[in-house]
Amino acid sequence: MAQIDERLQQNVEGEFFVDSSCIDCDACRQIAPASFRDHGGKSSVYRQPRNPGELHRALMALVACPTASIGTVSRRSARSGVEAFPALVVDDVYFCGFTSESSFGAWSYLIVRPQERGGNVLVDSPRFNNPLAKRIEQMGGVNLMILSHRDDIADHVKFAAHFHCPRVMHEADGAAARGIERVTTGTAPLKIDNDLLLIPTPGHTRGHQVFLYRDKVLFTGDHLAWSPERETLTAFRDVCWYSWAEQTRSMEKLLACQFEWVLPGHGRIGHGSAEEMHKHLELCVARMKKE
Ligand code: SF4
């Protein structure tokens, strides 16, 4: 719970505040940009919610915050924020909210599909908590967990145990030692089912992989994200833990894919036509080769 006596001085006066435990993960700024800003190394409230819509978004940010750094002076109920997750992104793809400090606030997603199409898929892991697990149960549970890489797996053990679902992860990121049921190997793309293609993308980590859903949504973990500053797709060299050259080669491989959405673990969500996204990806590859 956020501590009022640790309230950052950069917050404007009023109900919502961020305390000093903020790890600058960016989640609140993405979820409630009308209220939260980056003031350099941490977030703060620059404007209190002005209407029910902004209040709802601020409560969603409070719930999603990995470090419980967002508080309200009146200790207001966050119920509407809790009940908002999983929150629809596009078609049958939802953002899970409830990010985890162990994955530095990485975003995870739920694909909601009928059983005949393979059932629901959890993409990377949110922070485990009962209200979210219950909501996911109401939405059909989880048939499969697909994990992009070692950093964004958070409470995968608890979710797998709760939903009795197998997990998919690459051997090069220590999948076997983690008790993962379906350990992937090599660098060749692998069809998980008719909707989902797993594409190994070594670079950020040795065993990183991305997932292409219905030739429309690309779940990118920490491999690729939208940059609002550059207004194009980007990769993060300063947090490339394995090999930038390898990550660049992996990025080039994705030029063969068609997608309209990039849903990352870290960084911003990107959206455009397939042609636009292809051009952005070409630019990203070209830039990576020079960096
Ligand atoms: S969501 Fe929480 S940890 Fe992340 S930037 Fe906002 S206040 Fe900081």
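Biologist: How many of the residues of strand S14 (residues 209-213) are buried?

Modeller: This is a predicted model, in which local features need pLDDT of at least 70 and side-chain atom pairs pLDDT 80 or more, while totals for chains, interfaces and linings use all residues. Residues are numbered from 1 along each chain as its sequence is written, and side-chain values use heavy atoms, without hydrogens and water. A strand is a DSSP run of E with at least two residues, numbered from the N terminus, and buried means under 20% relative accessible area with a 1.4 Å probe and protein chains only. S14 is mostly covered, and its buried residues number 5 of 5.

Biologist: Which residues are buried on each side of S14?

Modeller: Both faces of S14 are covered.

Biologist: How many bridges join strand S13 (residues 196-200) to S14?

Modeller: Two strands pair if DSSP finds at least two bridges between them. Leu-198 has Phe-211 of S14 as its bridge partner. S13 and S14 run antiparallel, and the number of bridges that join them is 5.

Biologist: Which residue of strand S15 stands opposite Phe-211?

Modeller: S15 (residues 217-221) pairs with S14 in the antiparallel sense, over 3 bridges. Within S15, the residue opposite Phe-211 is Phe-219.

Biologist: Which residue in the hairpin of S14 and S15 takes a positive phi?

Modeller: The hairpin has 3 residues between the strands. The positive phi is near 55°, and the residue that takes it is Arg-214.

Biologist: Where does the ligand sit?

Modeller: A cavity is a set of points, on a 1 Å grid over the protein atoms alone, where a 1.4 Å probe fits but cannot get out. A molecule sits in one if more than half of its atoms lie within 2 Å of its grid points. By that rule, the ligand's place is the largest cavity.

Biologist: Which residues are closest to the ligand?

Modeller: A residue is near a molecule if one of its heavy atoms lies within 4 Å of it. The ligand is surrounded by 13 residues, and the closest are Cys-22, Cys-25, Cys-28, Ser-43 and Cys-65.

Biologist: How many residues of the shell around the ligand are nonpolar?

Modeller: Cys counts as nonpolar, as do Ala, Val, Leu, Ile, Met, Phe, Trp, Tyr and Pro; Asp, Glu, Lys and Arg are charged, and the others, Gly among them, are polar. The shell has 2 polar and 2 charged residues, and its nonpolar residues number 9.

Note on methods:
On a 1 Å grid over the protein atoms alone, a cavity is a set of points where a 1.4 Å probe fits but cannot get out, and a pocket is an open set with protein on both sides within 12 Å along at least five of seven lines; lining residues have an atom within 4 Å of a point. Buried means under 20% relative accessible area, exposed over 50%, partly exposed in between (1.4 Å probe, protein chains only). Helices (H or I, at least four residues) and strands (E, at least two) are DSSP runs, numbered from the N terminus.
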